Amino acid sequence: MANYRPVSNVSFPSKLVERAVAIKLHYYLSSNDLLPSCQSAYRKHYSTETAMLRVWSDILMAADQRQVTLLALLDMSAAFDCVDHDLLLQRLQIYFGLSNAPLE
């Protein structure tokens, strides 16, 4: 048992608060139509499969119209580590109308 460690070091109340904030934020963004229409992440009934099907459909439609198609894939897995967090907070406040409490 000494070799095992908890999956998360965050306390249970913190997880509940995080979940409640995530639900409220998602509701706010979706009800005010602030999520991009092509975004698949963090949305109900959207997944990597639906994103892939959308891309595949667009490629096939372009091929039917004899258009040249180029697909560039970027690995953005560590992109958040490079974000200027002050700028991120500023944009969340300006573009999405979040007040001080959620930003804290």
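Modeller: Helices here are DSSP runs of H or I with at least four residues, and strands are runs of E with at least two, numbered from the N terminus. The model is predicted, so local features need pLDDT of at least 70 and side-chain atom pairs need 80 or more, while totals for chains, interfaces and linings use all residues. Residues are numbered from 1 along each chain as its sequence is written, and side-chain values use heavy atoms, with hydrogens and water left out.

Biologist: Okay, where does A79 lie?

Modeller: By relative accessible area, buried means under 20%, exposed over 50%, and partly exposed in between (1.4 Å probe, protein chains only). A79 comes out at 28%, so it counts as partly exposed. In terms of helices, A79 lies in the loop between α2 and α3.

Biologist: And what separates the C-alpha atoms of A79 and P102?

Modeller: Along the chain, A79 and P102 are 23 residues apart.

Biologist: How about E18 and Q65: what is their C-alpha to C-alpha distance?

Modeller: E18 is in helix α1, residues 12–31, and it counts as exposed because its relative accessibility is 57%. E18 and Q65 are 47 residues apart in sequence, and C-alpha to C-alpha the distance is 47 Å.

Biologist: Which residue forms a salt bridge with D58?

Modeller: Side chains of opposite charge can pair when their charged atoms come close. The cut-off used is a side-chain nitrogen of Lys or Arg within 4 Å of a carboxyl oxygen of Asp or Glu, and a search of the whole structure finds one such bridge. Its closest N and O atoms are 3.3 Å apart, and the partner of D58 is R54.

Biologist: Why are D58 and R54 separated by about one helical turn?

Modeller: Both partners are partly exposed, D58 at 36% relative accessibility and R54 at 47%. As for the turn, it follows because they sit in helix α2 with a spacing of four residues.

Biologist: Phi of D33 is near what value?

Modeller: Most residues other than glycine have a negative phi. D33 sits in the loop between α1 and α2 and is exposed, with a relative accessible area of 66%. Its phi is positive, near 55°.

Biologist: What is the relative accessible area of R66?

Modeller: R66 is another non-glycine residue with a positive phi, near 55°. Its place is the loop between α2 and α3. R66 counts as exposed because its relative accessible area is 80%.

Biologist: Which element gives the most to the lining of the largest pocket?

Modeller: On a 1 Å grid over the protein atoms alone, a pocket is an open set of points where a 1.4 Å probe fits, with protein on both sides within 12 Å along at least five of seven lines; lining residues have an atom within 4 Å of a point. The largest pocket has 24 lining residues, and L25, L29, L88, L92 and L98 lie nearest its centre. Two or more lining residues come from each of α1, α3 and α4 (100–103). With eight residues, the element that gives the most is α1.

Biologist: How much space lies in the largest pocket?

Modeller: Grid points are joined across faces, edges and corners, and a volume is the space filled by probe spheres set on the points. For the largest pocket, that gives about 890 Å³.
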